[in-house]
Amino acid sequence: MTPLLTINGLSKAYPGVIANDDVSFDIGKGQIHALLGENGAGKSTLVKMIYGLVRLDSGTMTLNGTEFAPPTPHAARSSGVAMVFQHFSLFEALNVAENVALGMEDPPKQRLLAQRIREVSEAYGLPLDPSRLVGDLSAGERQRVEIIRCLLQDPKLLIMDEPTSVLTPQEVGILFETLRKLQSEGTSILYISHKLEEIKSLCEAATVLRRGKVVGECDPRAESARSMAEMMVGSTLHTPSRKAEAPGEVVLDLRGLSVASSNPFGTSLKDVTITVRAGDVLGIGGVAGNGQDELLAALSGEALATTDAVKLNDVGIGHLGPNARRALGLLTAPEERLGHAAAPDMSLTENALLTGAIRENLVTNGFLKWPATRAFAEKIIAEFDVRTPGPDVAARALSGGNLQKFVIGREILQRPLCLVVNQPTWGVDASAAAAIRQALLDLAAGGAAVVVISQDLDELMEISDSFAALNAGRLSAPRPIKGLTVDEIGLMMGGAHDLEISNA
Amino acid sequence: MDLSAINPLILIASLMVAATPILLAALGELVVEKAGVLNLGVEGMMITGAICGFAVAVETQNPLLGFIGAAIGGALLSLLFGVLTQYLLSNQVATGLALTLFGLGLSAMIGQSYSGVTPPPTSKVDLGALADIPVIGRILLQHDLMVYFSLALVVAVWAFLKFTRAGLILRAVGESHDAAHALGYKVVRVRLLAIMFGGACAGLGGAYLSLIRVPQWTEGMTAGAGWIALAIVVFASWKPMRVLLGAYLFGGVTVLQLNLQAAGLDVPVQVLSMSPYLITILVLVIMSSGKGRASQNAPAALAKSFHASS
Amino acid sequence: MIRLEKRPQPSKAWIVFTPVVAVLLTMIAGGILFAALGKNPFEAIRTIFWDPLFNEQFKAFSRPQLLVKAGPLILIAIGLSLGFRAGIWNIGAEGQYILGAICGAGVGLAFYPSESAWIFPLMVMAGALGGWAWAMIPAILKTYFNTNEILVSLLLVYVAEQLLASMALGLLRNPEGGGFPGSRNLGQIDALSNPELITGTGMHWGVVAAFIAVIFAYILLNRHMLGYQIRLTGESPRAARFAGVKPKLLVIFCLGTSGALAGLAGFFEVSGPAGQISIDFNSGYGFTAIIVAFLGRLHPVGILLAGLLMALTYIGGELAQFMLGLPAAAIQAFQGMLLFFLLAVDVLSNYRIRIGHGSEKTGAA
């Protein structure tokens, strides 16, 4: 049977890096084909070429036997290729119908469109109300909008880029049912992911990319997660080591913490209550958009609460701002590296001052001590293996992994009593991620209380002592990690979402 | 003080005339801001339109051509702003201010030879017997073409934004230029077109001042009308119908204080002259504070530079 | 196809060169403009930039004028630059300038005909306070009501102008002035005047204040926490909040300081070069200072140089008006062009120009 899409010798280079190097593979008709690889393997670039967002340097593509080289997404859509991005292209202040219309080539009139949206979304088990503002929808519902947008154009090939990073385990199940239904109707699916278990349960064929090259093709149903991981990474990963210690005193005590979100489309915290002991790592899981940013802001001091809602070593600090909390030993590292944890255009030295001013004694009577600040920055660079020519380089010049090492290192070197991090290894290459996780474990072993907020369940399972799930602004009761199964975690995370299994 | 000298019907009719330049400029700026661009150069574009329209009208002795010339002049000047902010990624606030300063200087230069000249008169639209209807006739039906044009423009802009695909794309670009770009829409092109539309409207507004309202050319004759137009867009929560309300409100205050001055009200002239500006500030404060959280309706990408990274 | 590619680091070289390139481009464009007006472009450019400084016939008069004109521009621009760096846009410096003049002169005239040496310092403080207070209006409206400071500060300029007119005609009018509008001439009353300190240089207290302001701003921005916070807020507001910066404090500080400096400039001007409170003694310095601030890259030393350059265009412009019949408005257009070119060339400090086919962002998926 002729394949739907044939990719032959595709290459693409950017200044300084070869994103794709002579990539070739086929996608069959009605096939669910996985594209596997780590961060930086070249998956996104490849699909952007298929979707017409990026022009290829060399190679050919053939769709249904005819040459295929779409110059724009518009052209790709006209040829029957649709894509659901990892980062949604949605407009929060517009409603579902308007968002869908914007993603279509030649949308019908609003009233007709609204009706079609209702019909198609019901049929595929992803019900949507066309008149709701997208800003009011959960991440899973927003993904439905993206999918419906694609489905209304009867695509032959549906590309999905890391679709489950924002879904609960139950929502993942619903998505898979929908994809299988599409497959039975003859649509091919190109499924990009690094989640091996999911690929095993869903896909029939897989192409593995590493550093821009194809390093293997396989049938996931016949492989084990381990064998696919080895193809992806190519070397054995160093799993962080953890020493078991007797837990110490309660360091961080949250009681009834309720804080409104500063973002009109955000999730407010409701009655968060938990304690963290010295030497413990608390993992807080949850899909994006359930209050993670708000929780970090409530702990960093960017959002204020009642005094006793947040207690550090039995002292109420809920009313204090970021610098007062730093002085007392509560440090945080937010999710967004550039623009929040660090100022992109400022040097690493200046960024070291950002949070280090107080605990590292870098200011006297309001006047700055630049030599001392520089020395602090150099210490961070040395101890955390930050690859950079020096501390005078602008933050934005560093790669994601190196900047993250700097940001986390900056907080760890300040000897916190309690450190809270949000998505510490997001978008970071494997070795830097391992280094960061080890550093967090070492910090806990030294007696600090550590809270890790992360969407990466594997990571949390690896480094946490106890686990709690954040859902719609509420924190579940914590459970010790030992013996916790993925299903139980999924249920803790699922919470109050309105779930429906499609009519399979 | 003789308040009886103030005729309410004439007051309302003249407030419509006073409001028209600001209404035109504000509508243009509304479209620009809905696309996510903050153009503070409205004052500069208005005054450029004023002199361009004046010059063309005087040279051709045709006021209609004057208005067309004003629209073109405003649009060309706004193109400078467009190129700088959309292609060269300059800071929108600074560039808008530069536009204003440059526009004021440029117009003063062009206007050197036109001081004291009388422009060709613009006639009122002749609606025949309709204009003689008591009350309504005097208020609504004895105006010149531009007043009716400005009202029609309000409806046109409203319909464009709400019902057309182009309007939807414009709003999307103003909400999230990254998402719009990812979907394949030409963000820069949409914004540039919006900017030029804004320039044309501001130019028309300025020409209304020099050709009809005053009618004469004087350096700096816009006297802050462009800034008032910007304030009105905020006051209107970026909704076209409310822009109409805001412009007429401001026109009303302006005309009222002039009438009160003429009627000999026992308040210093300067205080009355200050009042429109003070009232605008007051309105801005009310709109931006508790009542309605107007800033919530601002296009999310307003004033942020867009650089296509892929 | 020409594309812009973001530099990994802001280019230090270009940050210095940008104003130079902008000035050169403006000279060229300005030359074209003057030619369009029927003047010899080379003669015009020479008259504006060279003659006031080096021509035997004019330099005796023009050189001192340089400091006279530059002083207020630099003083105001320094204040503005602090706010601009933090993303706080004070566009109403002209109004704060007027209020400073009114308050300073008002205090002095209230004490007339006393000759005490304390009056002048008191007037200086009143001038600063007047400008500060006028800037507090947009500051408070922004911090408590979230009202846009651009529009409020601007609209208050028009209000200030009306206030000035009413003062010149009313409260501050010279009782011995024969009924004409305008206050007493402060420059001619010893206790109230702001004289030239070193003859022939044009340096008066306002100029001294400008130099002090440059030093103060340099130290603040580079050595003090507040300066760091200002820079941080402008570059990365979210990071600033994370670092514990209190935005309200910054708004009040920046607007207050720029208002005070503008008020000082206004006072020094009215008690010195301008001489009296009249209906239109303000000459747009508050707006030109905005150009000076940007031309100086919001950097204290840059502003010093930019202020001198802008003063040169004023003086040279007057000279060109006198000698070549160039209209005054042409100079205003020229100054506006300068800002345009600066903004246009500025892109090069953060982006590289790439000529080629569809090259996009560095970094793979």
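What pLDDT does chain A average, and what percentage of the residues score at least 70? In this predicted model, the average for chain A is 85, and 92% of the residues score at least 70. Within chain A, the lowest confidence is found in helix 16 of chain A, residues 486–494, with a mean of 67. The highest confidence belongs to strand 16 of chain A, residues 330–333, at 96. Over residues 496–504 of chain A, pLDDT stays under 50, and for this segment the model has 23 contacts beyond four places in sequence.

For chain C, the average pLDDT is 85, with 97% of the residues scoring at least 70. Residues 358–365 of chain C form a segment over which pLDDT stays under 50. The model has 26 contacts beyond four places in sequence for these residues of chain C. The complex is given an ipTM of 0.83 and a pTM of 0.83 by the predictor.

The domain assignment divides chain A into domain 1, covering residues 5–233, and domain 2, covering residues 250–494. The centres of domain 1 and domain 2 of chain A, taken over C-alpha atoms, are separated by 32 Å.

Between the chains, 38 residues of chain A are in contact with 23 residues of chain C. On the side of chain A that touches chain C, two or more residues are given by each of the following elements of chain A: strand 2 (17–27), helix 1 (43–50), helix 10 (322–328), helix 11 (348–356) and strand 18 (367–368). The residues of this side of chain A comprise 20 nonpolar, 13 polar and 5 charged.

Key:
Residues are numbered from 1 along each chain as its sequence is written. Chains are lettered from A and ligands numbered from 1 in the order in which they are written. This is a predicted model: local features need pLDDT of at least 70, side-chain atom pairs count only at pLDDT 80 or more; totals for chains, interfaces and linings use all residues. Two residues are in contact if their C-beta atoms, placed from the backbone, lie within 7 Å. Helices (H or I, at least four residues) and strands (E, at least two) are DSSP runs, numbered from the N terminus. Ala, Val, Leu, Ile, Met, Phe, Trp, Tyr, Cys and Pro count as nonpolar, Asp, Glu, Lys and Arg as charged, and the others, Gly among them, as polar. pLDDT is the predictor's confidence in each residue, from 0 to 100. Domain bounds come from an automatic or database domain assignment.
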